[in-house]
Amino acid sequence: MHRFLLTPRWWGINVFVALGVPFCLFMGTWQLGRFEDRVDTHKEATSARPADQAAAPLESLLPVDKRTSGRLASVSGEYADQLLVPERRLDGKSGFYVLTLLKTDTGKAVPVVRGWLPGSADAGRAPAPPTGRVEVTGALQASENSTSKGVYSSGGLPAGQLGVIGAASLVNIVPYGLYDAWLTVQSPSDGMTPVPAQAPVNTGLDLKAFQNLGYTGEWFVFAAFVLFMWFRLYRREVETLRDTEAGLLAEAPAERDPAEPAAAGAGSGSAQA
């Protein structure tokens, strides 16, 4: 009854199932792992930092990654050039960042967002930075790029304004080296509003994260479909064999030898003669 499973056609079907099901399960598990990783990084990125966590030296937190993004960093130096970062929204309102370059003892500078002000970017409204040597503590942030959320990447800004906060966009504006990071002061002065630290990229539960979850379900459905189709083919083959043995289906006529009709005709002719 089950000898048909050893035919070449069924060998091909069985090999396909034996390879297809594990592959689908592997891909589904991999996509599920991707989604779980995003959930974990989202929790880590959005979890509150301990209130008593001491600020660490800037150099010890570089380069910025998912672990150090948002950590309090401390650095000392003297404020230098000041720029405005327009069209930044905070609490549903449009405004601008006041960004000042802090030149450190290493000779390199780190961009420091000292606060946010509502309205259009206006250098006359931006408070002047403190003079002399200062100690700055702020939340560490990775450099932005043209695809970062909320940046002004169209270009054409007037002198003294910056669309993207990062070393790549500052290198042609200031004549000194730059750290590939920036700080946002959490306790600004002069009436400015503090700019909250942003979660690192690829840590949010965005559409891409839920795509991974959707792909997980699809791969598991594919695995179940392969098994279902194998069972359907198997059951149909068994039912066909049983119906044939019971005489419910006519067996296919045996193929005759092409020489038979000629032989038969020759015999008939001899008999007539």
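**Strand pairing and aromatic contacts**

Val98 in strand 3 is the bridge partner of Leu84. The model is predicted, so local features need pLDDT of at least 70 and side-chain atom pairs count only at pLDDT 80 or more, while totals for chains, interfaces and linings use all residues. Residues are numbered from 1 along each chain as its sequence is written, and side-chain values use heavy atoms, with hydrogens and water left out.

Strands (E, at least two residues) and helices (H or I, at least four) are DSSP runs numbered from the N terminus; two strands pair if DSSP finds at least two bridges between them. Strand 2 and strand 3 (residues 93-104) run antiparallel, joined by ten bridges. They form a hairpin with two residues between them, and Asp91 in the turn has a positive phi of about 55 degrees. Strand 2 is also joined to strand 5 (residues 133-142) by seven antiparallel bridges, with Ala73 opposite Gly138. Strand 1 (residues 56-57) runs parallel to strand 2 (residues 72-90), with two bridges; here Ala56 stands opposite Ala73.

Rings of Phe, Tyr and Trp (its six-membered ring) pair if their centres lie within 6.5 Å; planes under 30 degrees apart are stacked, over 60 edge-to-face, and the rest tilted. There are four aromatic pairs by this rule. Phe23 and Trp219 are edge-to-face, 5.6 Å centre to centre with 85 degrees between the planes. Phe23 lies in helix 1 (residues 8-46) and Trp219 in helix 3 (residues 207-245), so this pair ties together parts 196 residues apart in sequence. Trp230 and Tyr234 are stacked, at 5.4 Å and 5 degrees. Both lie in helix 3, four residues apart, about one turn of the helix.
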